Each structure stands twice: as structure tokens, then as C-alpha cells.
Number of protein chains: 2
Amino acid sequence: MTTVVERLQRELDGRVDVSSVARENVRADKSGHASAGLPLAVVYPESVADVQAIMRIATETRTPVVPRGAGTGLAGGANTGAGEISLSLTRMTRLVEINADDLTAVVEPGIINAQLNDALRPHGLWWAPDPASREISTVGGNIATGAGGLLCAKYGVVRDAVLGVDVVLADGTLLHCGHRTVKGVAGLDLTALLIGSEGRLGVIVGATLKLRRLVGGTTCTLTALFATVRDAAAGAAAVTAAGLQPAIMELMDATSLEAVHRLLELEAPAAGQSQLTIQTDGATSRAEAGAIAAVLTAAGAVVAMTDDAAEGAELLRIRRSMHPAMETLGTTLIEDVSVPRSRLADMFDEIARIEHAYDITIPTVAHAADGNLHPNFVFDGPEVPPFIWEAADDLFTSALRLGGTLTGEHGVGVLKSRWLKAELGDAQWHLQQRIVSAFDPLGILNPGKVFAP
Amino acid sequence: MTTVVERLQRELDGRVDVSSVARENVRADKSGHASAGLPLAVVYPESVADVQAIMRIATETRTPVVPRGAGTGLAGGANTGAGEISLSLTRMTRLVEINADDLTAVVEPGIINAQLNDALRPHGLWWAPDPASREISTVGGNIATGAGGLLCAKYGVVRDAVLGVDVVLADGTLLHCGHRTVKGVAGLDLTALLIGSEGRLGVIVGATLKLRRLVGGTTCTLTALFATVRDAAAGAAAVTAAGLQPAIMELMDATSLEAVHRLLELEAPAAGQSQLTIQTDGATSRAEAGAIAAVLTAAGAVVAMTDDAAEGAELLRIRRSMHPAMETLGTTLIEDVSVPRSRLADMFDEIARIEHAYDITIPTVAHAADGNLHPNFVFDGPEVPPFIWEAADDLFTSALRLGGTLTGEHGVGVLKSRWLKAELGDAQWHLQQRIVSAFDPLGILNPGKVFAP
């Protein structure tokens with residue numbers, strides 16, 4: 001009898017890797033959490049037809065398939081385990097078309113976000129979604145997870161930046177969903193449904209992206225130091241309440257700020273000090289930066305401001321060094337709750353309460369303009385200890401109580417699936433799985449992810 | 001045996017209308033096309049619990065239900081026929097909450113779009129979707145159809161302006177979909193799926209809307225007269241290609257312009273002349289208006305420009321008088337194709353070809369900034385004659401060939417359902433119906449709409 005791996009090797013010669021190294025690599029994503037067991041193989045389709053062939057073999061042999069971009073996810077959504085095939089889109093990297101007049105681009109899913117934007121820049125264009133991983137993550141992965149970023153409050157989320165997707169279903173059928181026009185309401189909006197579906201509905205094999213023209217004006221950068229994290233959160237809320245719209249507004253709490261300063265060998269901030277890092281852009285950027293500085297000064301901050309690009313990059317470097325700084329503290333479980341932005345200070349109160357209750361520190365950064373927080377649970381050793389999960393449970397429950405969500409931009413994957421029902425409610429949780437079955441009746445696409453068994 | 005109407009009357013005392021007038025009224029929407037036969041009753045729920053009660057009765061008795069807002073649709077999506085219940089949301093009109101800090105509002109579905117915006121204005125806020133019907137259409141209807149408008153190219157479509165919806169399923173279950181946060185990716189995006197679902201998936205009983213702050217600056221208005229419609233379309237494309245972003249850019253072809261001038265008793269334009277009507281807004285509106293005027297003058301237009309609000313309204317009145325002017329010509333079938341905006345001039349060539357082939361005139365206006373055209377098929381008598389349907393078929397096929405869609409903002413309803421499969425393809429058309437069945441296994445919600453039997 002021919003095994004599934006033999007069939008793959010026969011039909012996709014040179015595109016199947018069964019080495020231990022390759023199979024070991026796809027057990028985990030950037031969350032560090034790994035699947036149990038070693039997958040059957042890693043396949044590297046080079047065309048839509050290849051993806052269709054893989055899915056037909058998978059359907060005939062009832063073999064689970066886990067689609068994978070660059071593996072930069074933080075929720076374990078692309079982790080692949082025993083008995084499963086890892087379907088890597090990293091060889092489908094073509095930028096098929098740029099249409100400057102229509103502000104659209106057509107891409108294959110494996111193109112790297114930053115490489116796409118490098119190619120768009122000479123045309124005066126960009127694609128707005130900017131996850132922190134943009135230098136290494138794929139556009140297809142950005143779409144499949146509904147990835148966020150720093151610029152979402154001003155420039156929108158992935159849902160706002162994709163007009164159409166091509167998708168291969170579990171049985172190998174290819175669908176062209178969506179449209180190339182600004183408007184289009186013919187039938188159900190499957191494009192929007194596929195965004196953030198984390199590989200449960202189909203394999204995204206192409207996309208028509210909605211582009212923006214590069215923003216003119218001078219980018220201004222501000223930092224604002226506050227005595228406490230609650231003051232910083234209140235300062236961020238005061239900025240948005242004043243009707244000001246920064247492109248970027250990042251908050252670092254005291255522990256984060258201190259860890260980064262230590263890593264970069266900068267002078268330590270005063271105990272408890274928290275920081276907002278803000279950028280404004282566009283034609284009115286200087287006026288907005290001035291107005292923001294006034295609001296923050298009135299809110300008690302010590303404000304620094306520059307319109308020099310190099311100085312701005314230096315100020316932003318502190319925020320960008322967050323993850324390396326966390327790695328110096330121990331192993332981290334990076335969470336991703338989001339709350340209405342007016343509740344940001346309340347959420348920091350909850351984090352302080354949880355730190356005290358569980359006797360842990362939870363260094364936290366937040367995309368303050370959109371209410372999205374990344375609390376970092378720090379612990380020793382490779383496995384998340386039970387008391388950290390308890391603290392995380394408390395965090396999710398608190399976010400939901402404040403009108404928030406358990407994931408703003410990382411997705412559910414395996415790491416948050418046990419809490420999804422609490423957010424959706426029983427009826428919606430079951431309905432969503434009936435929708436999954438409408439796409440994938442055999443349940444072979446990324447099984448067990450998002451919806452915990 | 002108790003009839004379904006008796007059960008409704010018993011459980012919803014004072015909220016059930018069985019008069020012939022009421023039942024006759026809900027047979028049609030603003031398209032003029034009417035269902036066959038008279039519905040059983042019109043019910044007016046006043047609460048979510050009422051909607052749930054109606055749907056439970058409908059499920060138990062297997063009675064089809066057609067949700068309805070203000071009945072301003074143009075595709076027959078809310079038309080209700082023999083054996084069906086019309087579920088009118090027009091008594092659920094509460095504005096539940098305005099949150100200026102979070103830029104959100106929570107509404108019941110029956111609130112009128114313009115009334116919502118009247119209530120938001122004192123808070124310095126607005127909800128961007130602006131269908132031409134906004135003075136009389138409901139927000140719930142705007143969401144259910146994915147309604148468009150004039151401002152979409154700059155300020156987005158409904159999908160960009162709704163964070164969450166509450167929906168009652170066919171069996172009476174209430175779901176809270178989406179979130180109140182800027183970002184949120186927990187589970188499948190059912191909110192996006194429900195937008196534009198035309199009553200096939202559930203009854204929208206509430207929504208959390210994403211608001212914008214009122215736009216400052218002086219609104220500038222321009223008109224540009226061109227010798228031909230093709231020149232006007234090319235002029236519009238030149239504006240967007242130059243990286244300029246008007247808030248409104250409307251195109252009227254010669255027949256439309258002439259009919260409106262006759263209606264308003266203005267001096268007739270020269271034969272063949274077509275017009276662009278443009279507005280710019282925001283902090284840089286004057287500079288943008290000046291740049292647009294230069295582009296259009298270079299493209300051969302005679303340009304008039306004003307920054308006076310009253311003069312601007314007067315210029316825009318010509319565009320706003322389109323529908324009354326059409327009514328003076330005969331009965332109209334208003335179509336709604338959308339093409340990539342770079343193909344706008346090509347689409348006008350196709351319309352000219354179809355006019356010639358079928359010996360008809362097709363007065364056409366277009367939202368030129370987003371490539372959405374409304375060709376008006378004019379004929380005598382109440383019924384669409386077969387040769388008009390043939391011409392419409394030619395129009396849809398042409399739009400699809402140019403990379404477009406058969407409906408940019410009106411929806412499929414009954415009037416476009418026979419062409420949907422051509423746009424979606426067989427496999428997607430069937431998949432979409434499996435998704436409908438996941439929501440509504442008995443098929444009692446708005447049956448026969450969108451997906452032609």
C-alpha cells in the first residue's frame with residue numbers, strides 16, 4: 001500500500017521534505033509552544049495546482065493538513081504534530097501585479113510583508129498592515145491570522161486592506177472570493193470570513209490587496225514619561241479623546257521600560273516611570289504633534305519631541321527592543337488582550353491586581369491608540385507552569401469583563417482555544433464550527449485549532 | 001388548529017398588522033419590483049425578545065420570514081410574498097449608547113441613518129456610510145445590504161464601519177458577534193459575514209458602529225464639464241491617478257445631465273456634454289481642490305469651483321436630482337455594476353455599445369472615485385420587458401469581463417440572483433448556500449433571495 005508521504009513524493013517531486021530537521025522546525029511557531037510528536041512531512045507547493053494536488057491527496061487519505069507561512073505566529077496556529085502534513089507557502093512568493101491607478105496589488109501568499117512594501121515604495125504605494133513581524137512574516141499569514149500592528153488605529157486592520165482572496169478548499173477546489181473593485185456586495189463576504197480564519201476554512205493561495213498611497217509630510221516622534229503606568233494610560237486616552245489621531249502610540253510600563261534600558265545600556269528611568277512613544281504623519285503632522293505634546297504635558301508628562309528622522313528612529317528603538325529585552329528576563333508567554341481604549345487604564349489596574357495575586361511581574365506594552373495590550377508572563381523553563389495559566393485565565397476574564405476580547409491580533413490558535421467559548425458564547429461557538437464543516441466536512445484542515453475539542 | 005397569524009397575534013399583541021394595505025406595502029421595495037401574492041402579516045417587534053418570539057413561531061410552523069428595514073432597497077431583497085411573514089424592524093429605533101472616547105455607538109436596527117447622524121453631530125461624530133437613501137433608510141438595512149454611497153472611496157464601506165452585530169437566528173437564538181474594540185480576531189469574523197447577507201443568515205437586532213470624528217476644514221465643490229462621457233471618465237481616472245482623494249466624485253452622462261437640467265429648468269448643456277461633480281474636505285481641502293481643478297482643466301474640462309457652502313449645495317443639487325429626473329423619462333431599472341476604477345471609461349464604452357445594440361438609452365451616473373456605475377434602463381409600463389433584461393444581462397457580463405461585479409452596493413435580492421452564479425462560480429455559489437444552511441437549516445429566512453432556486 002502506498003503511504004500518503006509516498007503519494008506526495010510521487011506527485012510533488014522535489015517539494016516534499018521528510019528530514020527530521022524540517023519536521024522538527026514546523027512543530028512550533030514563535031510562541032515557543034510546540035505540538036506533540038513529529039509531523040509526516042513538510043510540503044512546499046510552488047503553484048496553486050500543487051496546493052490543489054496536496055489537498056486532494058489529503059482528502060483521499062483523510063490526512064490533516066496545517067497551512068503555514070513564515071511560522072511567526074504567537075498562538076500556535078501553525079504548529080504541526082504527529083500524523084499531520086505541514087503545508088508551507090514559502091515558495092509561492094510572486095508579486096503578480098501592481099495596479100497604481102486602482103490602488104491594488106495581486107500577490108501569492110508567501111511574499112514577505114516587508115518585501116512587498118519594498119516593491120511598492122517606488123510606485124508611491126504601501127500595504128498598511130504592519131505586524132511587528134513584518135520583516136519576516138508572510139502576507140498570507142498576515143491574512144490568515146488577521147494580524148494587526150502599530151498603525152491599526154489610523155490605517156485600519158487587515159480586514160480593511162484585502163479586497164479578495166483565492167482559496168483552495170480541503171477537497172482541492174479553488175475559489176476566487178471577493179473582488180477587485182472598491183465596492184462589491186455580490187453574495188456572502190467570504191473574503192472577510194477567510195481573514196483571520198487561521199487555516200480552518202481553506203488554504204489562502206492568492207490575494208488582491210487594497211493599497212494606500214505613501215503618506216507625505218514630515219513624521220514627528222514624541223516620547224512622554226509619566227510617573228505611573230495608570231497616568232500613561234490616562235494620557236493616551238486624553239490624546240484620543242481630544243480628537244487627535246497619531247499614526248503610532250505605544251505604551252511601555254515600568255518593568256518593560258527598565259528592561260529595555262538595561263538591554264540598551266541606557267540610564268535607568270526612575271522607579272515606576274512609564275512611557276508613551278508617539279508618531280504623527282501626513283500633511284498636518286507638525287500641528288498634531290504640537291497638540292499632542294500640549295495634551296500630554298497637561299496630563300503630567302515630561303515630553304520630548306523631534307521631527308528629525310534619525311532622532312525619531314532612536315526614540316522608537318526603545319519600543320522596538322521590547323521583545324529582545326523580555327528574552328533577557330526568562331521564558332515569556334506573550335498575551336494579546338484588547339479592550340475599548342477608554343478602559344486601558346482599568347486594564348492596567350487589573351494587571352497590577354493579577355501581578356499581586358499571583359506574585360509575578362507582567363511586563364506589558366500596549367498599542368495605546370487601539371486598546372491592544374501585550375502582557376508578557378515571564379517564567380523559568382520551557383513549559384508554561386499551571387499558575388501562569390491561572391493568571392492568564394484571570395487576565396482574559398478581566399478583559400472580557402471590560403468589554404474586550406482575548407485576542408486583538410495574534411489569533412486563537414492552540415494557546416487561547418480553551419477560552420474562546422467564554423467570549424463567543426456556546427451558541428456562536430457551535431455555529432462557527434458548523435461553518436467550518438460547510439468548508440471542510442471531513443475536518444482535515446488544521447484540526448483542533450481555534451476550537452478546542 | 002391555531003394558524004401562525006393567530007399565534008403571532010396572541011404572543012405579540014398590538015404588533016401584528018394583517019390589513020391589506022400593510023401587506024400590500026411590503027410586497028415591494030424601492031425597485032418597484034413586487035413579489036407574487038400577499039404576505040400573511042406584517043409584524044413589528046419592539047424588542048430583541050419579540051424578534052426571538054417571532055422566529056421561534058416561524059421555526060415551529062416552518063413559516064418563511066422576510067426581515068425588512070425601511071424598504072428602500074433596490075434589488076427586491078425585502079419583498080415579501082404569499083405565505084411569508086414580513087418582519088419590520090421599524091419600531092426598534094433606539095440609539096442605545098454613544099461613546100465619544102471609543103468612537104463607538106450602539107444602536108437598534110431601525111434607527112434612520114440621518115437621524116443617527118443628527119444625534120451624533122453635537123458630539124462631533126458621524127457614521128460614514130451614506131447611501132443616497134440615508135434620509136429614509138435604516139442602519140440595520142444599511143448593514144444587511146452592505147449599502148454604499150458617495151463617500152466610500154475616501155471613508156470606506158459598511159464593512160469598515162461596523163465592529164459588532166447582534167443577530168437572532170432562524171430558531172430564535174440570539175448571538176452577539178464581533179467586539180467593541182478596534183482590534184479583535186477571536187474566532188471567525190461573523191460580523192463581516194453578516195454585513196451584506198441580505199436577511200439570509202439572521203435578523204440583525206443591534207449593532208456596535210465604528211464612528212469617525214467630524215471632518216474639519218472647508219468643503220470645496222467643483223464641477224467639470226467635458227465634451228463626452230468618455231472624457232469625463234478619463235478625467236476622473238486622472239484625478240485618482242494623480243494621488244488626489246476627493247470625498248465625493250460623481251459622474252453624470254449626457255442623458256442624465258440633460259434630463260436633470262430639464263427638470264430643474266436650467267439652460268440645457270451642449271449635446272453630449274458630461275459632468276463630474278467633486279467635493280474635497282478636511283484640513284487640506286483647498287489645496288486638493290486646486291490640484292483637482294488643474295488636473296481636470298488639463299484633461300479638457302471647463303471647471304467651476306467654490307468654497308461657499310450654499311453654492312456648493314446648489315452645484316451638488318444637479319447630481320442629487322438624478323432620480324426624480326429619471327422618473328420623468330419612464331419606468332426605470334436601476335443597475336449597480338462596479339468595475340476597477342481604471343476601467344470606468346471602458347465600461348462607458350460598453351454601455352454605449354449596449355445602447356446601440358438594443359436601441360435604447362441608458363442614462364448613467366457613476367460614483368467615479370470608486371468605479372461604481374448606476375445605469376438606468378428606461379422603459380414603458382410596470383414590468384421589465386424581456387429585451388431590457390437581455391440588455392441588463394449584456395451589461396453584467398461586460399462588467400464581469402472588465403474585472404468588475406454585478407452589484408457594488410445595492411445587493412443581489414431577487415433582481416440579480418440569476419447572475420450571481422456567473423460571478424461566484426459554481427463551487428462558491430454552492431458553498432455559500434451550505435453556509436446559509438449552517439445558520440438556517442430549515443431555510444425559513446428570506447428564502448429564494450440572493451441564491452436563485
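**Exercise 1.** Find how many cavities of 30 Å³ or more a search of the whole structure gives, and state the volume of the largest cavity.

*Solution.* The search finds two such cavities, where a cavity is a set of points, on a 1 Å grid over the protein atoms alone, at which a 1.4 Å probe fits but cannot get out. The largest cavity has a volume of about 390 Å³, a volume being the space filled by probe spheres set on the points, which are joined across faces, edges and corners. This is a predicted model, in which local features need pLDDT of at least 70, side-chain atom pairs count only at pLDDT 80 or more, and totals for chains, interfaces and linings use all residues. Residues are numbered from 1 along each chain as its sequence is written, chains are lettered from A and ligands numbered from 1 in the order in which they are written, and side-chain values use heavy atoms, without hydrogens and water.

**Exercise 2.** Determine which residues lie nearest the centre of the largest cavity.

*Solution.* Begin with the lining, whose residues have an atom within 4 Å of a point: there are 33 of them, and Arg159(A), His179(B), Gly184(B), Val185(B) and Asp189(B) lie nearest the centre.

**Exercise 3.** Describe how chain B meets chain A, starting from the residues in contact.

*Solution.* First, 75 residues of chain B are in contact (heavy atoms within 4.5 Å) with 75 residues of chain A. Next, the count of salt bridges between the chains is six, each being a side-chain nitrogen of Lys or Arg within 4 Å of a carboxyl oxygen of Asp or Glu. Finally, Asp370(B) and Lys183(A) meet in a salt bridge, with 3.3 Å from N to O.

Definitions and conventions: On a 1 Å grid over the protein atoms alone, a cavity is a set of points where a 1.4 Å probe fits but cannot get out, and a pocket is an open set with protein on both sides within 12 Å along at least five of seven lines; lining residues have an atom within 4 Å of a point.
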